[in-house]
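Q: I'd like a close look at one part of this model, with the neighbours walked through one by one. Here is the structure I mean.

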Amino acid sequence: MTLTQTELDMVCTSLERLRSDFTDHPQYFYKSLFERAPELREMFREDLEGQGMKFMTTLGVIVSRLNDDASSAEQYLGLGKLHASLGVETAHFAPMGDALMDTLRAGLGDGFTPELETAWRRAYNHVSEMMIRRGAIGG
């Protein structure tokens, strides 16, 4: 699955807008995630600020390579295996995706249009599928 160039441009541009006001977005993501799936809290270290910075950096790298699976294959493999080793299961990706949408909605306000949400969901689903498959994530 590839995103159209328009979708890819929308995702990249919106991520840059989100990153320009970086301060609260990672914390918002984890707050939303743990409200949706409190059982996942134990999988994360106490330093959510540091974890959030890592999350945003990784998200940026993945987004920059969304339509280039060949150059992202090793990254998906590494991320998938890491998440599997932490106990992440396939079912955990749904609340993570919803928490990401909540974060984008909060961070972009009216700029988070239905079209942009569709593009982000397509991108997130693609990344999730690649991590699950390459990392042999089960559950």
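Which residues does Leu104 touch, not counting residues up to four places away in sequence?

A: A quick word on ground rules before the tour. This is a predicted model, where local features need pLDDT of at least 70 and side-chain atom pairs count only at pLDDT 80 or more, while totals for chains, interfaces and linings use all residues. Residues are numbered from 1 along each chain as its sequence is written, and side-chain values use heavy atoms, with hydrogens and water left out.

Now to your residue. Leaving out residues up to four places away in sequence, Leu104 touches Leu18, Gly109, Phe112 and Trp120; contact here means heavy atoms within 4.5 Å.

Take Phe112 from that list. Phe112 sits in the loop between H5 and H6; helices here are DSSP runs (H or I, at least four residues; strands are E, at least two), numbered from the N terminus. Phe112 counts as buried because its relative accessible area is 8%, the cut-off for buried being under 20%, with exposed over 50% and partly exposed in between (1.4 Å probe, protein chains only). With residues up to four places away set aside, Phe112 touches Met101, Leu104, Arg105, Glu117 and Trp120. By contrast, the C-alpha atoms of Phe112 and Ile132, 20 residues apart along the chain, are separated by 27 Å.

The axes of H5 and H6 come within 11 Å and cross at roughly 145°; axes are lines fitted to C-alpha atoms, for helices over the stretch in contact, and angles run from 0 to 180 degrees between N-to-C directions. On the H5 side the contact includes Leu100, Met101, Leu104 and Arg105, and on the H6 side Glu117, Trp120, Arg121 and Tyr124 are among the residues met. By class, this contact of H5 with H6 has eleven nonpolar, two polar and four charged residues, where Ala, Val, Leu, Ile, Met, Phe, Trp, Tyr, Cys and Pro count as nonpolar, Asp, Glu, Lys and Arg as charged, and the others, Gly among them, as polar.

Zooming out a bit, Leu104 also shows up in the core. The largest nonpolar core has 40 residues, and Tyr30, Leu33, Leu100, Leu104 and Trp120 touch the most other members; such a core is a set of buried Ala, Val, Leu, Ile, Met, Phe, Trp, Tyr and Cys residues joined through side-chain atoms within 4.5 Å. Helices H1 (5-20), H2 (25-36), H3 (48-64), H4 (69-85), H5 (93-108) and H6 (114-135) each give two or more residues to this core. H6 contributes its largest share, nine residues. As a general rule, nonpolar side chains tend to be buried together in soluble globular proteins.

Finally, a look along H6 and past its end. Ala119 lies in H6 and counts as buried because its relative accessibility is 0%. Apart from neighbours within four places in sequence, Ala119 is in contact with Leu3, Glu7 and Val11. Ala136 belongs to the segment after H6 and counts as exposed because its relative accessibility is 61%. Ala136 also has a positive phi of about 55°, although it is not a glycine. Between Ala119 and Ala136, 17 residues apart along the chain, the C-alpha separation is 25 Å.
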